[in-house]
Amino acid sequence: KRPVGAPDKKLARPVTKVGIVGAGLMASQLALLFVRKLEVPVVMTDLDQERADKGVAYVVAELDKLLQKKRISPDKHNRLKALISGEVGYESFSDADFVIEAVFEELELKKQIFGEIEKHTSAECVFATNTSSLSITDMAAGLSHPERVVGFHFFNPVAVLPLLEIIRGEKTDDAALATAFATGKKLGKSCVLVKDAPGFVVNRLLTRFLGTVIGTIDDGTDFAVADQALEPLGLPMSPLVLLQLVGPAVALHTAETLHEAFPERFGVSENMRKFVEVGKSGVYTWDEKGRPSVDPEVEAL
Ligand code: 3HC
């Protein structure tokens, strides 16, 4: 069944090579998914070779694990490993059909990157962005081919979570959107078309959810108590562990974007700001046996 709002799949263009901008946490997971599911060359780029190599090393290590668990054959393992590469610059994007960026959440940075990539790619190459909440229309503004830009928003851990939010900007054309849907399907994801609006759908919910829990801590509730209060709901992970998975910087950015768009509806937690200011990746530290405890530095904030 065609997802609601998806264009005719006949309009989709083939994807035979993929470019990934960034080699961080999300970008590396994306590279692994594209290599595994599309089985086409995937080039990761970052600011320097060391970062790009780190991204490639992650993909190779995950492919090694899949081989050890006998989830892929030795032949496939070798074939997939040969498909991933990492470099600086966009020269190798010249024959890519699909580029996705997963860099820091900063509109001007993303615009500048897309502008630079346009100099190296064909006019048909789709530019996808894994932004959590920024406007696709704004990101496409100023490009020679804004019709190629689509939102392609994954959820962490990318290998496991099935949802993919696909976002059409004001100028996105049917061919780019159809290519995004066809690619999302090949990646094994459940694709939904969502409106180009702050936070799309999921991050509106997530920001409200995390913001409410952390808001109770702002109001004086103990960290562990606030986190454990929702345990009876049977969530797959507690709110503050989820915050650590998402990363306070991303969560804060999304909350600020939503607060700017809807000041009456979304606040920004003081504790969330403090985590980011002092460079904390979350509330917990884990001991060698995997047992969590609230980071004393966080408790003292
Ligand atoms: N990477 C790859 N695979 C992972 C993984 C990871 N980080 N974490 C778990 N898995 C795999 C395991 O290998 C296992 O696979 P298998 O069944 O094939 O062996 C499977 O997931 C289940 O893992 P576990 O049994 O260890 O643990 P759980 O049943 O608790 O599942 C979880 C782990 C899927 C991470 C679950 O806790 C969960 O769904 N948590 C909520 C995550 C969530 O809500 N993410 C959304 C964040 S929002 C976002 O990313 C958007 C951004 O814009 C903010």
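Predicted model: local features only at pLDDT ≥ 70, side-chain atom pairs only at ≥ 80, totals over all residues.
Eight strands make it up, and it is open, with mixed pairing; the order across it is β3-β2-β1-β4-β5-β6-β7-β8. The edge positions go to β3, residues 84–87, and β8, residues 190–194; each has a single partner strand, so one side of each has no neighbour in the sheet. On average, neighbouring strands here are turned by 25° against each other, direction ignored.

Now to β4, residues 98–101. On one side, β4 pairs with β1, residues 18–21, in the parallel sense over 4 bridges. Within that pairing, V18 has F98 as its bridge partner, and V21 has E101.

Are the faces of β4 covered or open? Both are covered. In a regular strand, side chains alternate between the two faces of the sheet. In β4, F98 and I100 lie on one side, V99 and E101 lie on the other, and all of them are buried. Note that the buried set includes E101, the partner of V21.

Next, the helical part. UniProt, in an unreviewed entry, places a feature named "domain: 3-hydroxyacyl-CoA dehydrogenase C-terminal" at residues 199–283. Over that range the chain is 62% helix and 0% strand, and the C-alpha atoms at the ends are 23 Å apart.

I'll look at α7, residues 202–218, through two of its contacts. With α10, residues 248–261, α7 packs at an angle of about 105°, the axes being 10 Å apart. That angle makes the two helices roughly perpendicular, because the class runs from 65 to 115 degrees. On the α7 side the contact uses N203, R204, T207, L210 and G211; on the α10 side it uses A251, T254, A255 and L258. By class, that contact has 4 nonpolar, 4 polar and 1 charged residue.

The other contact is with α11, residues 270–277, where the angle is about 90° and the axes are 7 Å apart. α7 and α11 are therefore roughly perpendicular as well. I214, I217 and D218 in α7 meet E270, N271 and M272 in α11. How do the residues of this contact divide by class? There are 3 nonpolar, 1 polar and 2 charged.

To recap: β4 sits between β1 and β5 in the sheet order, and α7 is roughly perpendicular to α10 and to α11.

Notes. Residues numbered from 1 in each chain as written. Axes fitted to C-alpha atoms, helices over the stretch in contact; angles between N-to-C directions. Parallel < 35°, antiparallel > 145°, perpendicular 65-115°, else oblique. Contact = placed C-beta atoms within 7 Å. Nonpolar A, V, L, I, M, F, W, Y, C, P; charged D, E, K, R; others polar. UniProt positions renumbered as here; feature names shortened; annotations may be inferred. Pairing = 2+ DSSP bridges. Buried ≥ 20, exposed ≤ 12 C-beta atoms within 10 Å, placed from the backbone.
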